[in-house]
Each structure stands twice: as structure tokens, then as C-alpha cells.
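The sequence and structure are shown below.

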Amino acid sequence: MIKTIEWTNEGVSMLDQRLLPTEEKYLTLRSYEEVADAIKKMVVRGAPAIGVSAAMGLALGASQSVGTSVADLEYDFDFMCKVMEATRPTAVNLFWAVERMRRALAKAKAETSDVEEVKQRLVNEALAIFQEDIDSNRALGRFGADLIPDGATVLTHCNAGALATAGDYGTALGVIRGAIDAGKRVAVIADETRPFLQGSRLTAWELSKDKIPVTIITDNMAGHVMKQGKVDCVIVGADRIAANGDTANKIGTYMVAVLANQHQIPFYVAAPISTIDLAIDSGEEIPIEERDSKEVTHVRDHQLAPEGVDVHNFAFDITPNELIAAIITDRGVARSPYTESLAGLVTTRESTVAAG
Ligand code: MRU
């Protein structure tokens, strides 16, 4: 199993994804500031992995707080949450995980005045978020497996695998792993995913490690391979899904969805419930991160473009819901109209929890 993030006695351990595929190096992050910096610099990336990392970073920060009362801890914790929330704007899993940690603190505070007990509960909450992520990806992998025909070639964009989650299965790649575990033969075409190359560096790395057949294409080959009949379906992950199903994912996803629709190829999104943001109605409201132009003009330190040239570096785009054949979640598969199907999936569990 690929270990993306791990809670250890020394701090939060993370596989440095900037160095893959040529170097497999784990970093130990010893403070919440180091974890926040690692999220910002994309040592760890992928919506669920960002959420899990933020939760662990907050648990680490809380456990190092020198406050002697729960009120002191709460004061420190609030500041840490703001630092964490300022790391990356698009993946809603970050805000979801921070909110869960805030709620865990509030609940603990209502039940005990022992500050050490509250700190321990925050660590437990972060560990629960970690484990739930692994479990939910296994569940969505099982739901999604039914949509993949035996012998299929699946095109994916970016990396929505073990590396983008707490580890193990992943989301889009979780569906592929689920289909393979169900006895189907599946091959993958991975878009290289300029500019950060999550497809060629990360997806190809983790699939090769698992001996799942993978072929890399440059992003601009997607239309050609679809036209040649080489793609049976597309599966991508998501950073945030609005109430109407509009989906933010890695830049270039929208282009792939348009091409898939042009060629009547089903385009699926796979994501855990924590990626669905019912607070926003449509993709128009999803903040799109813009990153350093150097990611476009350089590959590592090698310059590819003229000095000082203007650059756009949008990290994500929005795929409108009408291009999405289904959204595969850990609670089942949602289909259009998404406003109803997604709300149904999100609230099912909440009402069960409320009732229980
Ligand atoms: O910029 P990144 O690498 O964090 O973007 C990652 C993606 O867009 C993934 O497809 C998405 O987070 C889903 S990961 C299961």
C-alpha cells in the first residue's frame, strides 16, 4: 500500500510528491506551520489528501500548544485553523476537515475541562478523518466498479489516486482498482497534466507500482485517441462539486469532458461526500486557484519560455454538470438532475446520524 500521509510520534510524515517519480522521500513535518507550508508547496496535494493533512496538522499544532486551559487552546487553535484555510482555496475537503476539527474541539470543550484530554480528542479526530478517507475510497471503488466494462480502457486526468488521498485506493483510480479487484481487466490512459505533471509523474508511478497497465499521453492527444476509439470511458476526481453537480478539478478536465461528450464517451467524476459543497449552487461560485507562473515557464529549474513573458496559471477549471454522466461517491452513484441526487446522498447519512 502506498503511504501518502502518516501520523507518527515525531510529527506528520508525508511522501514528498514534488520529487516523484525519481525519488521516494518521506518528510517529517514537526509543526502545524510546516504542514501548512507543505500543502501550499504541494509536497502533498489532491483534495482528500489536503483535508487529511490539514486535520493532522491541526492535531499536531494543538498537541504542541502551551495553553494550560481549554480556552487558551481554543484561542491558539482558531489561529491555526485560519493558517490552514489560507493554504489552497479550491479543494473544499480542506475547509470540510478544518470545520470537523473545530467541531471536535467544541464538543470536547463541552464535555471536559482537561486540556490534555481535549488535545487527545483532536488527535483522535484527525486519525478518524484519515481512516474514513481510506474506507470511503474503498466504498466508492465498489460502486464505480459496476460502471466499468471488462476489458475497458479508461482515460484519466491529473492524479486522483492513492497519492491524492490518505493512501491505498484513491478516487478515480479507486474506481479502476475496484473494477480490477472485481475481476475485470482495465487499462489506463493518463494525461500528463501540464504544468505540474500529476499524470505522468504520479498516476503513471502509482499504477506502474500496482502493475496496472498505463499509457501516458500529452494533454493535447486526448481528442485524437478518443477519435481513434481507444477510450471507453473517462474518470476523474474532483476538488469541489457544487450542489448542481458542476465540478472543479485539475485544469484541463473541462477540455477532456467536452471531447468525451463529442465522442459519446461517458465522462464520470469520482469523489467522496466530503468533496460535495451543497452551500454553493453552481460552479460559478467555486474559487479557482492561480499559482506561480514559474510552474508554466519552467520544468523544475529548466526554463522553457522567454524571460518575463505573461502567463496564466489557473490550477483548476469547472466542468458543467451536463457533461457528467454520473458522480460516483462513497454513498452511491448520483445521476442528473444532480441538485436532487447529490442532496439525497449527502443528507441520507446526516439524517441517520442525527436520528442515531
Ligand atoms: O493541484 P492538485 O494536484 O492538488 O489537484 C488535484 C486534482 O485536481 C485532483 O484531481 C483532485 O484533487 C481529486 S484527488 C482525489
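D317 touches T247, A248, N249, K250, I251, G252, T253, Y254 and I288, where residues up to four places away in sequence are not counted and contact means heavy atoms within 4.5 Å. The model is predicted: local features need pLDDT of at least 70 and side-chain atom pairs count only at pLDDT 80 or more, while totals for chains, interfaces and linings use all residues. Residues are numbered from 1 along each chain as its sequence is written, and side-chain values use heavy atoms, with hydrogens and water left out.

D317 belongs to strand β14 (residues 316-319); strands (E, at least two residues) and helices (H or I, at least four) are DSSP runs numbered from the N terminus. D317 is buried but has no salt bridge. Buried denotes under 20% relative accessible area, exposed over 50%, and partly exposed in between (1.4 Å probe, protein chains only). A salt bridge requires a side-chain nitrogen of Lys or Arg within 4 Å of a carboxyl oxygen of Asp or Glu. For D317, the nearest side chain of opposite charge is K250, 9.2 Å away; Lys and Arg count as positive, Asp and Glu as negative, and His and the chain ends are not counted. The side chain of D317 does reach the backbone nitrogen of G252, at 2.7 Å.

**Salt bridges**

The count comes to 24 salt bridges.

| Pair | N to O distance |
|---|---|
| R121 and E111 | 2.6 Å |
| E116 and K119 | 3.5 Å |
| D277 and R240 | 2.8 Å |

D277 lies in strand β11 (residues 276-277) and R240 in strand β8 (residues 240-242), so this pair ties together parts that are 37 residues apart in sequence. Both D277 and R240 are buried. E116 and K119 are three residues apart in helix α5, and therefore separated by about one helical turn. K119 is buried, at 6% relative accessible area. R121 is partly exposed at 25%, and E111 is partly exposed at 46%.

**Packing of α3 and α5**

Helix α3 (residues 70-85) packs against helix α5 (residues 115-145) at an angle of about 35 degrees, with the axes 9 Å apart. Axes are lines fitted to C-alpha atoms, for helices over the stretch in contact, and angles run from 0 to 180 degrees between N-to-C directions. The contact involves V70, L73 and F77 of α3 together with V115, V118, K119 and L122 of α5.

Methods: Polar contact = N/O pair within 3.5 Å; in protein donor to acceptor, adjacent residues only side chain to side chain.
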